[in-house]
Amino acid sequence: MMTNRYALVAATVLGALLLTAARLPVDAPEWLRWLRPDWALAVLLYWTLIAPARLATVWAWLMGILVDVLYGDLLGLHAMTLALAVFATARFQQRLVLFKLLQQAGFVAGAALATELARALFRAAAVGADVSPFLLVPPLATAAVFVLLVVAVPRQTKRFVE
Amino acid sequence: MLGRSSLRSPRRRRQPTADSLFARQRSGIYGLSLLIVLSGLLMVVDQNTPWLAPVRSVIGTVLNPFEFTARAPYLAAGKVTDMLADRVALLNRVTALEEENQELKGALLRFDAIAQENETLRELFNSQAPLEHETLIAELIGLSQEPKEVILDKGWLHGVNVGQPVIDAAGLFGQVVETTAVTSRVLLVTDPSHAVPVYVLRNGVRAIAVGDGLGNLTLKYAAATLDVRVGDELNCSGLGGRFPFGYPVGVVTEINQDAAEPFLRTTVQPRAALDRSRHLLVLTSIPTDEARTEANRRSLPLGESLQPGSARGLPLARESLQPGSARGLPLAEESRG
């Protein structure tokens, strides 16, 4: 039972990293990349809501470092934003867990948007990259992935803590 | 969290099913602050120094299996397409390639002769810069938009190193900014943090071409009196030492002069097909910084007066020897080290 849970957590985390590493084919249409969700955030927030880990923030930070390397982003950028998002989620977990799925998805979208904006601002400050208005789209995809996780991951494992 | 809160375990007694990893915590604000400070530190160091490059390289190499697994479907799809490809179409393609190969070989015959002559002349002038470079063909396996980079399927195992220029069939493509064992990241010439020392082919005027982040380049600090026109070809001037002399960089497509501004606004269209090329050449025999410094010291008689003996003084001396060097600029080439 216990090993099952860990296996499931590990599988989703590895899956998220794999999808992060996956790149669109070179000749893919431009708009496709705006639908790209923040896989790591969706998985991390899912597990934080379902079964808040004691070191969730640290795990999120470590995963963020890996995501930074995969994306070739400023080292520490994803780490910081993911850690912050997971911390906030863990803080309000008891309240959030009572929400309806749609409300939870709304929260995830909000968190995704906040992290995305924070990263865009940091990048703009550091490298001078432009902030695109399409920034609003990926958080919706992230929320969709979250809903998918809630629906698809087997029920029994949701009784982690309670 | 870290430190204090992780020691706070009595709460767990009320939840006998929860193990240490999944137990709830009350607060982790200290741990969070620590992580944020750590992230900030990492970002500052990463932005301003090349110290974290080995860390990235190691983590990236560990993550290589992910990249390759993620890439597998595309590779498989490519194989299937190859298998299903029409025989006639393939034959036509082979014929076309053979013809092109013949043409290129013909052109190369003359090039060889000219290169030989040039080499002899250079020897007469005691110049040591080699004309030819060893190259490595690499295939593009991924893109990233911010920063504008592409990922190649060759890494340090194949001899790719940070700082090496990358070209395609038409011109300068970018430079390697990060390598793992079997992949590498190439910063495109159009990225705002990328600068190339160039010269105008028509009259030899030197300038620095910086990416504008929108798919073009622009000439940085081009004085209003600079002799540059629309249609001018820009080539690498080789002055920074990083990009070898002569490779085409782009064509000037637009010049705006605003009387209120001290500098020209120019748009340079890159020569390389940045959004189309799939096979690129990494120039692997570009001398390292140390070797270059050594060569400068040997070939330039001025060197001794500029370099006060100690090896520590050399990097500084190199910049003063090469005023056009992009390395001397604040947003220079190595900024993303």
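This is a predicted model: local features need pLDDT of at least 70, side-chain atom pairs count only at pLDDT 80 or more; totals for chains, interfaces and linings use all residues.
Chain B contains eight helices and 12 strands. Of its 337 residues, 42% are buried. The chain exposes about 18800 Å², of which carbon and sulfur atoms supply 59%.

Over all chains, the whole structure holds 13 salt bridges. One of these pairs R271(B) with E233(B), at an N to O distance of 2.7 Å. Because R271(B) lies in the loop between β11 (265–270) and β12 (279–283) while E233(B) belongs to strand β9 (residues 233–236), this pair ties together parts of chain B that are 38 residues apart in sequence. R271(B) is partly exposed, with a relative accessible area of 33%, and E233(B) is also partly exposed, at 27%.

A further salt bridge joins R265(B) to E261(B), with the closest N and O atoms 3.1 Å apart. Here R265(B) is partly exposed, at 49% relative accessible area, and E261(B) counts as partly exposed at 30%.

The bridge between K154(B) and D153(B) has its closest N and O atoms 3.9 Å apart. Buried residues are those under 20% relative accessible area. K154(B), at 19%, is therefore buried, and D153(B), at 17%, is buried as well.

Beyond these pairs, salt bridges also form a network, which links D46(B), R56(B), E149(B), E178(B) and R185(B).

Key. Residues are numbered from 1 along each chain as its sequence is written. Chains are lettered from A and ligands numbered from 1 in the order in which they are written. Side-chain values use heavy atoms; hydrogens and water are left out. Helices (H or I, at least four residues) and strands (E, at least two) are DSSP runs, numbered from the N terminus. Buried means under 20% relative accessible area, exposed over 50%, partly exposed in between (1.4 Å probe, protein chains only). Accessible areas come from the Shrake-Rupley method with a 1.4 Å probe; for residues, only the protein chains shown count as cover. A salt bridge is a side-chain nitrogen of Lys or Arg within 4 Å of a carboxyl oxygen of Asp or Glu.
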